[in-house]
Amino acid sequence: MEYLGHRLRQELKYYINESDYHTLRSRLSAVADPDPNMADPEGYLVTSVYFDDIHQSSLTEKEAGYQFRKKFRIRCYNRSDAPILLECKRKYGAYVSKESVPLSRREYEDILSEEYDFLLSSTFPLCRELYAHHHAQLLRPVVAVEYLREAWGMREGAVRITFDKDISASIGECDMLSESFEVRKVLEPGRMVLEIKFDLFLPSTAVQILKTAMTERCAISKYVMCRNEKRRRLFR
């Protein structure tokens, strides 16, 4: 399903504990395939620098439950600069889409230094869109979010199931590629987030495997968790 050229997917999120995780992982291993990008069976490290504007729109719109919104972020894996991706995640009611374009290390560093002019001449519309938001609303990096992601896929329904563990917020600077970059965990030990993404429907095979965890759907945002953790630390 597409809207304005973006592939739309449905996304369900749940908090689970370590016992749930081991049960689900055992069941998934019989019918799903591990993500081929996982060199380590425990998962791969995902780090994202999130943007917000002078009105804190991304934070307040998520907390208020707006059905149509978007967030900009820059993402890397295993704290490596190959690749670095500029992304925009958009929500359209029950559906979400994600758009990604590559950035060079120099371009990433320019953005963190608040030098956005190069974006205006980019061949990627997403880069020009980020420039427009920065110019109009002073969009800038506000927090980095990091977690260990274990991902599984099912061909039927194009289902992607992820366990996001050790969710952490940046302490101080947002530069995820800096040697001095530090994070602090935001959830208690053993608690993690289960995410289920699919196209038009969730196949019965997936429902049967996941139904024990799908008891209380939550409007979970790792971004909001980490923004709130950073605010708590500032006002202690």
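**View 1. The antiparallel pairing of strand 9 with strand 10.** In this predicted model, nine bridges join strand 9 to strand 10 (residues 159-171), and the two strands pair in the antiparallel sense. One of the residues in this pairing is tryptophan 152, whose bridge partner in strand 10 is isoleucine 161. The hairpin that strands 9 and 10 form has four residues between the strands, and in this hairpin glycine 157 takes a positive phi near 75°.

View 2. Strand 9 covers residues 140-154 and is mostly covered, with twelve of its 15 residues buried. Strand 5 (residues 44-52) pairs with strand 9 over nine bridges, again in the antiparallel sense, and within this pairing phenylalanine 51 stands opposite proline 141 of strand 9. Strand 4, which comprises residues 33-34, also runs antiparallel to strand 9 and is joined to it by two bridges; here aspartate 33 stands opposite glycine 153 of strand 9.

**View 3. Helix 2 and the glycine just after it.** Helix 2 spans residues 57-64, and its buried residues include Ser57, Ser58, Leu59 and Lys62. An α-helix has 3.6 residues a turn, so residues three or four places apart point the same way. Just after helix 2 comes glycine 65, which takes a positive phi of about 80°.

**View 4. The whole chain, as a setting for the close-up views.** The protein chain contains six helices and twelve strands. Its radius of gyration is 18 Å, close to the 18 Å that the globule rule gives for 236 residues, so the chain is as compact as a globular protein of that length. The C-alpha trace spans about 50 × 45 × 35 Å along its principal axes, and 49% of the 236 residues count as buried. Among the contacts with a separation of 6 or more, 70% are accounted for by residues 24 or more positions apart.

**View 5. The surface and the charged side chains of the chain.** The accessible surface of the protein chain comes to about 12100 Å², and carbon and sulfur atoms make up 50% of this area. The chain carries 37 positive and 36 negative side chains, and the centres of these two sets lie 5 Å apart.

Definitions and conventions. Residues are numbered from 1 along each chain as its sequence is written. Side-chain values use heavy atoms; hydrogens and water are left out. Buried means under 20% relative accessible area, exposed over 50%, partly exposed in between (1.4 Å probe, protein chains only). Two strands pair if DSSP finds at least two bridges between them. The radius of gyration is taken over C-alpha atoms; the globule rule is 2.2 Å times the number of residues to the power 0.38. Contact means heavy atoms within 4.5 Å. Accessible areas come from the Shrake-Rupley method with a 1.4 Å probe; for residues, only the protein chains shown count as cover. Lys and Arg count as positive and Asp and Glu as negative; His and the chain ends are not counted. The place of a charge is taken as NZ of Lys, CZ of Arg, CG of Asp or CD of Glu.
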